[in-house]
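Please read them with the structure open beside you.

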Amino acid sequence: MIRYPVLVLVSVLTASSLQAQTTAQARELLQAGQYEDAARAFRTILENDPSSYDVRRDLIRALLSTGEYDASELLAREAPAPGAFANTLGEILVIRGKLEEAATAFQESIDTNAGAALTAEVNLAELLFSQGKIDEAMTRFDRFIDIYNASDGRLSATELVAVGRAVRYLGRTNPDLFQDALRAFDEAASIAPNWHEPRVRAGELFLETYSSTDAQSEFEKVLGVNPRHPGALLGLAKALEFDGTSDAGRVLGQLLEINSNHLEARALLANQHLTRERYRDAYEQAEVALAVNPNSLVALTALAGTHLLRGDLEKFQEIRTRVLTLNPRYSGLDAKLAELAVQTRRYGDAVTRAEAAVELDPYSWTAWGLLGMNELRLGDIEQGRTHLMRAFEGDPYNPWFKNNLDLLDTFERFEIHKTDHFELFLHGTESDLLATYLAPIAEEAYESLARRYGGEPLLPVRAELFPSHADFSVRTLGEAGLGALGVSFGRVLVMDSPGARERGDYNWASVFWHELSHTFHLAISNNRVPRWFSEGLAVHEQRKARQGWGHQVTIPFLRALANGNLKKVSELNDGFMRPDYPQQVIFSYYQSSLVFEVIEDRYGFAAIREMLEGYKRGETTAELFASLLSIDPEDFDQEFEEYLEDRFRTPLSGLEEIGEAPLSGSDVTALEDWANLHPGDFIARLRLGAALVGEERYTDAQPHLEAARKIFPNYGGPDSPYWYLAQAYNGVGDLTGAEQALSQLIQRSESNYDAYTMHADVLEQLDRPKEAADALDKAVLVWPYEIELHQRLATLHAEVGNYPRASRERAAVVALNPTDKAQALFALAIAYQEAGDLIGARSAVLQALEIAPNFDAALELLLILRSGLPGES
């Protein structure tokens, strides 16, 4: 027995214990995401013990997390036992785009049957798949099912993750296998609860199967332990992007602070820039990623997107050819660019790219779905249905495919009404009623816009109106929840019918005019007009069409202006595509419409028309401002900001924060005291005036409401001073004052149904029946479903001798299926007779007699009509 000195033995044990303690501390830092500190600690340990496999492995993990790929690769190559690090080296080489070397490394790991052999197997299969060797890859993936079934529960966590990854790929031809993949990840997480990869993989799978909530839950579990985990941060950013929230950019920013070389983060950020039409920013992000890995398919896809969306088809084809050289069956580029085309309203391009994607890979269910959904958007209903059915057969988890197919099954309940330029696709329960009013509005809008823009879109324009907002939302996005009222895809526009909303929610005729304006903008610009430009111009066209139509100034808008929470003109596209807060979208509609009011006033409408042509040529907004308006965007930003401040100077002063006025419903005395102290406070004067009207103190209310009106004369909201003034004047019998207040109100509000009907009441009392009829005609454009409204309109139109309008209203009454339909048909027959339409009159009276054969008045009318028709006796 050899005896060692006690002091030496204690020193050895102490050094060993200290290294173990230091290693444990370094791993705690790694586990918590303190990668830089962990890396320094691991380096120190490795310098003392270069043979430590675990320390070298963990140091590489720390360096990979922060994007230090060169150092990671060197550490893997310098390992004393290269075979043990062959798989790790292969993974690093894949990140760097050194694919042939990576394949060799993976095969070495497999051949030496190293501890990571099964992970190397799935890595190699994924690499083959990414090179277009799909059949060979799928054969390799298929082996993992046998491996799992034969394991009898003896697989390690890393091996289970390898199984889950392989089975996830097999799900592309058998979607039931996604559940098996998830089971493998869950088993791995239960075996190794402190290892984050199983949860990240599960989150990715949830997102792939459209369960964003479950995906975020998995990612957040990881981030709760390690808030800097790159995989979890990337997954969370993708999930947030999937949900359409603005937080995705913030999470990507966190990830890139940790790892500025993260390829997928750079590509995702580039795609965000593309949806915002910031092509240079997208190009720069793609180039940064390609500097790390010149063969990155996702980075090359983003780069191709910058060229395609800018209209540089030669460079786009050059990049696409480069991608297909790397992977001859890669459908991801075309599928992704089809998605980007949709997000930038280029639906024809989306069809082209989706067709290219399915030609490369007939199992790309995403591409089949994109193809079908965009064919539907272009009006090719049957072809779109066929391709959506194929997509859903391969991907039954996709809710958008199913929702659209379910909606298409209801199309047999709709009817098509044709006009000179339109196919009006209307639900059978309201088609006769809506067609009566929509057809003339549609043709008026078309003729007006065609004259104004000097061009025409593809014809006929298909206009689909849905009595269910959920159905409209599905038709637009594939899912319920869209906040908009209408959408134009170009030749096809879809919108809520009036019945999809509550009475007074919106003016359907104004919305139709807005969407048809988009149809012209998209046609002239070849679908290249930016979102902000088209939306603002469409609102501008609404206001040109009718006084009071379109977005109007609101109190929240002015508060946003006062607080500096509006976008600059040069950033307005972000107000629609990436708003900082939900209301910013609404504010951006109104703000951008004012931009076109300024441009048309200063430069003429021809400049706006030429800007649309410039977008068609691929010119940017900055270039068009310089060439056509002789101003750069930054200078225009400044001038427009000054314009807003000057235009709204008075109401802004009335909304200054001088304390909180007593709330509506407060004691009138408290409101009076406040208003006396702060006579320039718009809110206080308005609340006091409304309270006094509520107490029927009409005379006392008038000066406060007049003061509020003077402070903010263009406010037409539901609590507008004009609304309360009308009631105050009406309450004291001042019909002229009430009429003037209501006239001012409806010039600032397009959807105040009660204001229209009250205006008609007052005008009738003033013996102005034609104007009363005009007011009720405007009410129909908000809510056409009131029988009494149409009966009243018919009487008024007949009174002033407008018999065609009177017969239209009587037809509307019939279309609404009144209780006494025979009487309604008889009234319609009388109206047709008065309008000189004897054939229509006879048809209506015969229908009345079918319902009530003994209807004496109808029988008498029929005899009169027979005597007046040619060939009758």
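1. Strand β4 (residues 486-488) pairs with β5 in the antiparallel sense over three bridges, with Gly486 standing opposite Met495 of β5. Strands here are DSSP runs of E of at least two residues, and helices are runs of H or I of at least four, numbered from the N terminus; two strands pair if DSSP finds at least two bridges between them.

2. Please keep in mind that this is a predicted model, in which local features need pLDDT of at least 70, side-chain atom pairs count only at pLDDT 80 or more, and totals for chains, interfaces and linings use all residues. Residues are numbered from 1 along each chain as its sequence is written, and side-chain values use heavy atoms, with hydrogens and water left out.

3. Strand β5 also pairs with β3 (residues 461-466), in the parallel sense and over five bridges, and the bridge partner of Glu464 in β5 is Val494. Five of the five residues of β5 (residues 492-496) are buried, so the strand is largely enclosed by the rest of the structure. Buried means under 20% relative accessible area, with a 1.4 Å probe and protein chains only.

How values were computed:
Buried < 20%, exposed > 50% of the residue type's maximum accessible area, 1.4 Å probe, protein only.
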